[in-house]
Amino acid sequence: MAVTPTALYRGAATTTLTTTLYTVPSATTTIVTEILVANTASSSGTFTISLDGVIIANTITVGANDTTIIQCRQPLSATQTIQGGASATTVNLSISGVQIV
């Protein structure tokens, strides 16, 4: 059994809250360990994150030029997804975890 730390998603959020950010590969379990949200705008923004259709962060505010970090240990099975989006593309997401094959 190989356990590999992985960047699951890194980039600007879209303004569609149901954008698929990551899909667990077949024959793999993924543990989401951290979600980092950075707002690079001079005004506050919001973000929403779902794990396999279940909202875990709903319209959370991130202050102007600020960062929010969510520490977690959430398992996802093969074909399950991470979805999310934000109020503006100035909100950046970095989602980390481990893949177990």
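How many of the 7 residues of strand 4 are buried? The answer is 6, so strand 4 is largely enclosed by the rest of the structure; buried means under 20% relative accessible area, exposed means over 50%, and partly exposed lies in between, with a 1.4 Å probe and protein chains only. This is a predicted model, in which local features need pLDDT of at least 70 and side-chain atom pairs count only at pLDDT 80 or more, while totals for chains, interfaces and linings use all residues. Residues are numbered from 1 along each chain as its sequence is written, and side-chain values use heavy atoms, with hydrogens and water left out. Strands (E, at least two residues) and helices (H or I, at least four) are DSSP runs numbered from the N terminus.

- An open sheet is formed by 4 strands in the order 1-8-3-6, with antiparallel pairing; two strands pair if DSSP finds at least two bridges between them.
- Strand 1 and strand 6 are the edge strands, and each of them pairs on one side only.
- On average, neighbouring strands of this sheet are turned by 15 degrees against each other, direction ignored; the axes are lines fitted to C-alpha atoms, for helices over the stretch in contact, and angles run from 0 to 180 degrees between N-to-C directions.
- Strands of a sheet pair through backbone hydrogen bonds, either parallel or antiparallel.
- Strand 1 and strand 8 run antiparallel and are joined by 9 bridges.

**Two residues of strand 1**

- Thr6 has its place in strand 1 and stands opposite Gly97 in strand 8.
- Apart from neighbours within four places in sequence, Thr6 is in contact (heavy atoms within 4.5 Å) with Ile95, Ser96, Gly97, Val98 and Gln99.
- A polar atom of the Thr6 side chain lies 2.9 Å from the backbone oxygen of Thr4. This is a polar contact, a pair of N or O atoms within 3.5 Å; within protein, one must be able to donate a hydrogen and the other to accept it, and residues adjacent in sequence count only if both atoms are side-chain atoms.
- Tyr9 also lies in strand 1, and its side chain reaches the backbone oxygen of Ala12 at 2.8 Å.
- Not counting residues up to four places away in sequence, Tyr9 touches Leu21, Leu93, Ser94 and Ile95.
- Tyr9 and Gly97 are 88 residues apart in sequence, and their C-alpha atoms are 9.6 Å apart in space.

**Strand 4 and its partners**

- Leu51 stands opposite Val54 in strand 5.
- The hairpin of strand 4 and strand 5 has 2 residues between the strands, and in this hairpin Asp52 takes a positive phi near 50 degrees.
- Thr48, found in strand 4, counts as buried because its relative accessibility is 5%.
- A polar atom of the Thr48 side chain lies 3.0 Å from the backbone nitrogen of Thr59.
- The contacts of Thr48, leaving aside neighbours within four places in sequence, include Leu17, Ile55, Ala57, Asn58 and Thr59.

**The nonpolar core**

- The largest nonpolar core has 21 residues, and those touching the most other members are Val32, Phe47, Ile49, Ile82 and Ile95. A nonpolar core is a set of buried Ala, Val, Leu, Ile, Met, Phe, Trp, Tyr and Cys residues joined through side-chain atoms within 4.5 Å.
- Among the elements that give two or more residues to this core are strand 1 (3–12), strand 4 (45–51) and strand 8 (91–100).
- Ile95 is in contact with residues including Thr6, Tyr9, Leu21, Val32, Ile49 and Ile82, leaving aside its neighbours within four places in sequence.

**Ile70 in strand 6**

- Ile70 is found in strand 6 and is partly exposed because its relative accessible area is 22%.
- Beyond residues up to four places away in sequence, Ile70 touches Thr33, Glu34, Ile35, Phe47 and Ala57.
- Ile70 and Val32 are 38 residues apart in sequence and 10 Å apart in space, C-alpha to C-alpha.
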